[in-house]
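Trainee: I would like to go through the labels in this structure one at a time. Please set each value against its definition.

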Amino acid sequence: MSFKYSLLIIEDEPVSRELLKSVFANYSFRIYTASNGMNALRIIKDYSPDMALLDLGLPDIDGLRLLRKIRTFTDMPIIVVSARTDEKDKVAALDLGADDYMTKPIGTAELIARVKNVIRHSASLRSRSADYFRKGDMIIDYKRQRVTIEGNDVRLTRNEYSIVELLAKNAGKVITYDYIIKSIWGTSTDGDNRILRVNMTNIRKKIEKDTANPEYIITETGRGYRMIL
Ligand code: CA
């Protein structure tokens, strides 16, 4: 995976959607697209994209209501991209937790600048470009692919390390079982998480002081795992 960030474009008009998509063609973004609110919610829950561009005029749900729904389970950065120029809509969006608000037509350079700004202000996204991840006594050195706790090397297998790195680079977000399995083993699971659970058990034995009360990696039952930020 050479994509540094992932971005969900929520926009029902195909032309606008393609236009927004093309803006990011030369940047290392993995792009997801949703043409309605239902799809957007599914993609956010399944893939935890790093951030979203949200059009307010959607066919199945008003963008502001969708924003409220999204905010009940994630604080992912969201930039509203709307044709609505009414100050009230802008204030409402920001009140509901939008990180920024842009009015159509969108200038390419401005959009990129705003996205970069959102990344700079997000602690979890900023940590992505760091060389290491530190939480409590644990340090993950991405360059050397080494994990230490209180300065002592933790001996992880290659797959165990890859899982820990994936979670650390997405710290604070729930990463689904499916997403982890696809990223590490490259296969689909058909709902079988056994191989991941076995790896996670081993990881916890190696990094957690008390595996029943983990201080680094939390299980979000039925969904996936989350590295505490
Ligand atoms: Ca629209």
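**Labels and cut-offs**

Mentor: Leu53 stands opposite Ile79 in strand 4. A caution on the source: this is a predicted model, where local features need pLDDT of at least 70, side-chain atom pairs count only at pLDDT 80 or more, and totals for chains, interfaces and linings use all residues. Residues are numbered from 1 along each chain as its sequence is written, and side-chain values use heavy atoms, with hydrogens and water left out.

Trainee: What makes strand 3 and strand 4 a pair?

Mentor: Strands are DSSP runs of E with at least two residues, helices are runs of H or I with at least four, and both are numbered from the N terminus. Two strands pair if DSSP finds at least two bridges between them. Strand 3 (residues 51–54) and strand 4 (residues 78–82) have three bridges, in the parallel sense. They therefore meet the cut-off.

Trainee: Why are helix 7 and helix 8 called oblique?

Mentor: Helix 7 (residues 158–169) and helix 8 (residues 177–185) pack at about 130°, with axes 10 Å apart. Axes are lines fitted to C-alpha atoms, for helices over the stretch in contact, and angles run from 0 to 180 degrees between N-to-C directions. Under 35 degrees counts as roughly parallel, over 145 as roughly antiparallel, 65 to 115 as roughly perpendicular, and the rest as oblique. So helix 7 and helix 8 are oblique to each other.

Trainee: What makes Asp12, Glu13, Asp55 and Gly57 donors of the calcium ion?

Mentor: Donors are N, O and S atoms within 2.8 Å of the metal (3.2 Å for Na, K and Ca); water is not among the atoms, so sites may look incomplete. Asp12 (OD), Glu13 (OE), Asp55 (OD) and Gly57 (O) lie 2.2 to 2.6 Å from the calcium ion. They therefore qualify. Glu13 sits in the loop between strand 1 and helix 1 (14–23), and Asp55 in the loop between strand 3 and helix 3 (63–71), so the pair ties together parts 42 residues apart in sequence.
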